[in-house]
Amino acid sequence: MVNTNKAIKILLLTMLLTFSASACQARKWRTVALKSAITHPQPMTGLVLWPEEARRRHVDYGQTIQLEFSYCLPSKVVKGCEADGTIVYDWSWFDRVLDDVAGRGHQLIARFRYEYPSSRDVDGNRGTTAVPDYIKQREDYSETFASNPNDDGPTWYADWTNAELQRFTLQFYTDFARRYAHDARLAFLEVGFGHWSEYHIYGTKLELGRNFPSKAFQKRFFEHMDSVMADIPWAVSVDAGDNRYSPVAADSSLMALTFGSFDDSFMHKSHELSSGGGFNERCWNAIGKGIRWQKGVCGGEISYYTPNEQKLFLSPDGLYGHTWAEQAAKYHITFMIANDAPRGGVATPERFREGSMATGYRFVVRGCETDGKTTRLQVANEGVAPLYRDAWFAVGDHRSATSLRGLLPGEESLIEIPAAANADGSNVQIVSDCILPCQTIEFAADLTNVP
């Protein structure tokens with residue numbers, strides 16, 4: 001009997017201690033009446049204008065976008081090469097582009113290119129490559145020419161037999177990453193070869209290793225980019241999924257690298273397999289296997305195949321049976337160039353804003369509590385893509401240890417901040433070193449009625 005009574009007392013004491021601990025725990029954590037809304041396109045997402053159009057339409061469209069796009073020329077920033085192989089740069093041209101875009105509160109998507117049919121922006125002559133002059137002056141360097149490939153106008157092609165061009169191309173991105181890896185003016189980098197760096201030279205006979213890089217060099221290039229661009233999200237054209245041009249889709253080691261994809265004829269008439277042709281969708285599938293978006297940023301440009309595609313893609317009926325929201329979700333789009341859309345009458349500033357907000361990440365706080373020393377958040381991503389650069393929830397100067405980078409749509413994360421939230425959560429924010437001081441990453445929350 002004594003042992004039984006003792007056991008009962010121990011059990012009662014244990015239950016009391018457990019209850020007391022639970023009660024203390026319940027008193028320790030209190031719900032924060034957090035309320036917040038997402039009111040604008042988020043940094044590093046949305047529809048994109050070129051700088052000239054963004055400058056001209058800034059009053060009406062400046063708040064509807066976060067990104068601008070520009071082609072960039074190696075020949076504008078490279079001034080020569082020293083005897084030991086050190087490339088001599090003057091980055092002021094590129095910095096002016098960045099400053100111009102940042103001056104409107106936006107970030108840049110940059111694409112360096114060598115070939116651009118008919119373009120005069122290198123030296124005033126049509127179709128000149130943007131290969132640095134010191135390489136062009138070499139006796140072992142000789143470019144090829146096409147008078148009117150694919151009816152796009154005269155085009156010169158870089159000489160990929162040249163070892164210095166190959167060495168320079170790798171070194172250039174090493175030096176670029178070293179200088180701009182932590183520059184908040186730059187959001188994303190697009191790279192590639194051929195016309196517009198879009199991984200094709202339509203209308204010209206393809207000569208791998210001559211007017212287009214060999215597959216062996218491309219493999220080196222991809223591996224090199226993966227090693228030096230750890231802090232800058234980079235993407236290549238979905239046309240790199242075409243085995244005629246590229247080794248990527250057939251090489252499991254390259255497919256495992258962390259790079260994104262862009263599609264420069266998005267939503268054209270035969271884009272989808274379901275609506276005929278489907279070359280673009282097949283390339284998306286080949287280069288991404290349906291999961292590339294989980295690690296690499298996905299974007300592109302609304303098609304220019306007809307004059308009205310960019311102007312009408314935001315209409316309620318979309319294009320060719322597919323709406324913008326549908327396609328943005330299907331391909332997990334973070335950004336999309338739509339420079340001509342404001343000229344069509346459909347893309348009013350409000351509709352442009354809505355179109356931008358159909359892309360990228362969308363953070364929602366589903367729970368928030370504090371014990372006076374720590375704040376705990378239950379955070380979900382209700383967008384169509386993850387965030388590809390680091391950002392953290394914070395209270396004052398205290399950041400969470402967990403970055404929001406990589407939180408996939410539909411996933412949740414329990415985040416702790418080593419500081420106490422106010423009763424209404426007004427001191428809870430998202431901070432990032434990868435955005436401009438004038439930009440804000442917003443989140444949605446409505447916890448005012450949570451008991």
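A: The chain exposes about 19,500 Å², of which carbon and sulfur atoms supply 52%; accessible areas here come from the Shrake-Rupley method with a 1.4 Å probe. This is a predicted model, in which local features need pLDDT of at least 70, side-chain atom pairs count only at pLDDT 80 or more, and totals for chains, interfaces and linings use all residues. Residues are numbered from 1 along each chain as its sequence is written, and side-chain values use heavy atoms, with hydrogens and water left out. Of the 451 residues in the chain, 56% are buried, that is, under 20% relative accessible area with a 1.4 Å probe and protein chains only. Along its principal axes the C-alpha trace spans about 105 × 55 × 40 Å.

Turning to the inside, the structure holds three cavities of 30 Å³ or more, a cavity being a set of points on a 1 Å grid over the protein atoms alone where a 1.4 Å probe fits but cannot get out. The largest cavity contains about 80 Å³ of space, a volume being the space filled by probe spheres set on grid points that are joined across faces, edges and corners. Its lining, meaning residues with an atom within 4 Å of a point, includes Phe112, Arg113 and Tyr114 as well as Gly192 and Phe193. Pro74, Ser197 and Phe221 are also among the lining residues. Helix α7, residues 163–180, gives the largest share of this lining, three residues, where a helix is a DSSP run of H or I with at least four residues, numbered from the N terminus.

Key: Buried < 20%, exposed > 50% of the residue type's maximum accessible area, 1.4 Å probe, protein only. 1 Å grid on protein atoms, 1.4 Å probe; cavity = no way out; pocket = protein on both sides within 12 Å on 5 of 7 lines; lining within 4 Å. Helix = DSSP H or I, 4+ residues; strand = E, 2+ residues; numbered from the N terminus.
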